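Please walk through this protein fold with me, one region at a time.

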Amino acid sequence: MSRITRRRLTRLGASAAVGAVAAPMVARGQSKIQLRIQTHHSAESVPGKIFLRFCKDVEEMSGGRVQIESFTSSAVVKSVETFDAASTGILDGDMTGAAYQPGKDAAFQAFGDMLGGYDSPDQMQAWLDVGGGREIADPLYGKFGMYLVGFWGDPTESLVSTKPLRGLSDLKDWKFRCPPGMQTEIFAKLGAKPVVMDFGEVFTALQTKAVEGADAGTLAVNKALGLYEIATHTTYPGFHSMPQDHLAINKAKWESLPADVKAIVKVALKKAALDRWTATNLANAEVARELAAKGVTLHDWSPADRRAYREQAQAVWQNWAQKTPFAKQAFESSIAFMKRIGVLA
């Protein structure tokens, strides 16, 4: 992890563009609760704006008792280090995603992104809430000093590329930025050359031609990152990946919160999840028309290519389920739930 002190964190909080979100006056005698939370999204992106709105919602709903110091664009530590920063108390909360943490336990992949699996964010949230996910999440996250509050993710993402991505055959030798985890294995088996790098490095890697494409975000997120200024090919509608960002709070910090504050955070996160899903769907539709008008080619893969991708992903799921006891529980539970709701036959 990057070396960082609480003093440096305080300086970052004072100077960051986002800064701390101001809260209403707190009644005399009430103690204020401070939370420091980081996301990897930029303040200008759709999820970044919703992250900041979430912080404001918690403060307003708590009558100013809770004040959140919000950090966007991985301002404190790198995206993959946010979880550790929260678990060790440098931060209090991580609003990146579990898909950054499979190196700790392969089970985190199931809580981050079941590639080729769920069709929409509400399905994965339902698995966590009523499908058996919570019973696995609590001991898994707790093992690393964290508590999973819930998800707040996007609909399916779109690949971006400087060369055509018409279908499965175009993946051969395609060198692209890839998040850590199961993606690398799936795409390598399909002939691509994934390169793992931080979310914040995607634009520069494309600009310098270190890679030919990227698995970064939804159509709207990719546009906000400026990727379509460089890459003129993209997959849309998306299908390959639907990572769900999480809100994970330092376990000791979470347990110290009053019951009503815990409830406020959970309700505010549910609102953020719904806001993000609906806003991103709308933004994607608008961006798709804009990109097409500017000459960016939107590649809608054939049912056969999509099916082949999903079959490869499912084969990799089975491999990952054997990695750790937690992974076995998480993957088997998630697969069973997808069959229960008809996502899988």
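The buried residues of helix α7 are covered by elements that include α4 (107–112), β5, β6, β8, α12 and α13 (325–340). Contact here means heavy atoms within 4.5 Å. Helices (H or I, at least four residues) and strands (E, at least two) are DSSP runs, numbered from the N terminus. This is a predicted model: local features need pLDDT of at least 70, side-chain atom pairs count only at pLDDT 80 or more, and totals for chains, interfaces and linings use all residues. Residues are numbered from 1 along each chain as its sequence is written, and side-chain values use heavy atoms, with hydrogens and water left out.

Which residues of α7 are buried? They are M182, Q183, I186 and F187. Buried means under 20% relative accessible area, exposed means over 50%, and partly exposed lies in between (1.4 Å probe, protein chains only). After α7 comes G191, whose phi is positive, near 100°.

Strand β8 (residues 213–217) is among the elements that cover α7. Five of the five residues of β8 are buried, so the strand is largely enclosed by the rest of the structure. What pairs with β8? Two strands pair if DSSP finds at least two bridges between them. In this pairing L159 stands opposite D215 of β8. Strand β6 (residues 175–178) pairs with β8 in the parallel sense, over two bridges. There, F176 stands opposite G213 of β8.

Now the aromatic rings. A pair of aromatic rings is described by the distance of the centres and the angle of the planes. Rings of Phe, Tyr and Trp (its six-membered ring) pair if their centres lie within 6.5 Å; planes under 30 degrees apart count as stacked, over 60 as edge-to-face and the rest as tilted. The structure holds 13 aromatic pairs. One of them joins F187 and Y309: it is tilted, at 5.8 Å centre to centre with 50° between the planes. This pair links distant parts of the chain, with F187 in helix α7 (residues 182–189) and Y309 in helix α12 (residues 303–320), 122 residues apart. F187 counts as buried, at 1% relative accessibility. Y309 is buried too, with a relative accessible area of 1%.

F239 and W301 make another pair, with ring centres 4.9 Å apart and planes at 40°, so this pair is tilted. F239 lies in the loop between β9 (233–235) and β10 (246–250), and W301 in the loop between β11 (297–299) and α12, so the pair ties together parts that are 62 residues apart in sequence. Both F239 and W301 are buried. The loop between β9 and β10 also holds P237. The peptide bond from Y236 to P237 is cis, with omega near -5°.

Elsewhere, ring pairs link F83, F108, F111, W127, Y141 and F144 into a cluster. Two rings also meet a charged group. R276 lies over the face of W152, at 4.5 Å from the ring centre. The charged end of K323 sits over the ring of W320, 4.9 Å from its centre. A charge sits over a ring if NZ of Lys or CZ of Arg is within 6 Å of the ring centre and within 35 degrees of the ring normal.

Next, an open sheet. Five strands form it in the order β2-β1-β3-β10-β4, with mixed pairing. Its edge strands are β2 (66–71) and β4 (146–151), each pairing on one side only. Strand β1 (residues 33–38) pairs with β2 in the parallel sense, over six bridges. I37 stands opposite S70 in β2. Helix α6 (residues 133–143) lies across β4 and β10, running at about 140° to β4. Axes are lines fitted to C-alpha atoms, for helices over the stretch in contact, and angles run from 0 to 180 degrees between N-to-C directions.

Finish in the loop between β2 and α3 (82–87), where S73 is placed. S73 has a positive phi of about 55° although it is not a glycine. S74 lies in the loop between β2 and α3 as well, and its phi is near 50°, a positive value in a residue other than glycine. Are these serines buried or exposed? S73 is partly exposed, with a relative accessible area of 43%, whereas S74 is buried, at 15%.
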